Amino acid sequence: MPRVKLFNEEEILKKSMELFWKKGYHATSIQDMVTHLGINRGSLYDTFGGKKNLFDKSLSLYCSINQEATFEFLKNEKSVKSGLKKLFEIFITDSISDRDQKGCFVVNTTTELNPNDIEINKVLLENKNRFEKMFCDLLKLGQDRGEISKDKDIQSIAFLIYTLLSGIRVVVRLESSKKKLLNSMNTVLDILD
């Protein structure tokens, strides 16, 4: 008789994402996973193929959730500039209020596992490229609407926005002055004028 799974795979994937996000890949043991996820080792391996596969799926889920949420947020803003400003403000506020100082799962993974893991590097690069394209498309829309000058190099600015948003998650661990972080944001947004 086949064994019946007594857990929801999607819930387990979300819980594993939270665990890896907080602890990182190397600091998370199989026992940590069994305890946190509430499933036994056999189920972990049978369903997810082990720690590495579960990590890969968790990272992909995180990327997907963030890309979709950012896209939905920005597409509902009436102004490109005000949308970007709100996005930065949310990022800064969330980063400062992150009591666990988890930062960003993508940034953490980039510093912990990249460039040694080719598969991880591929996921991280794809994530970066999607965010850059999203920001570039948004800036192009701003140009089409007359909010942003046509002479601006929107590809470079899109990369700068991605870089600053990623960097905020790291810098906030050392510098939690909201004023300084907002001033940095304003400096970047002034480039759009």
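So, what kinds of residues line the largest pocket? They divide into 14 nonpolar, five polar and four charged; here Ala, Val, Leu, Ile, Met, Phe, Trp, Tyr, Cys and Pro count as nonpolar, Asp, Glu, Lys and Arg as charged, and the others, Gly among them, as polar. A word on pockets: on a 1 Å grid over the protein atoms alone, a pocket is an open set of points where a 1.4 Å probe fits, with protein on both sides within 12 Å along at least five of seven lines, and lining residues have an atom within 4 Å of a point.

Before we go on, please remember that this is a predicted model, where local features need pLDDT of at least 70, side-chain atom pairs count only at pLDDT 80 or more, and totals for chains, interfaces and linings use all residues. Residues are numbered from 1 along each chain as its sequence is written, and side-chain values use heavy atoms, with hydrogens and water left out.

Back to our pocket. Of its 23 lining residues, Tyr62, Asn66, Thr70, Phe91 and Arg169 lie nearest the centre. Which helix gives the largest share of the lining? That is α4, with six residues. Helices, by the way, are DSSP runs of H or I with at least four residues, numbered from the N terminus.

Let's follow α4, residues 51–75. Among its buried residues are Leu54, Phe55, Tyr62, Thr70 and Leu74, where buried means under 20% relative accessible area with a 1.4 Å probe, exposed means over 50%, and partly exposed is in between, counting protein chains only. Their cover includes α1, α2, α3, α5, α6 and α7.

In soluble globular proteins, nonpolar side chains tend to be buried together.

Finally, step back: the chain has nine helices and zero strands, and buried residues make up 41% of its 193 residues.

How values were computed
Helices (H or I, at least four residues) and strands (E, at least two) are DSSP runs, numbered from the N terminus. Contact means heavy atoms within 4.5 Å.
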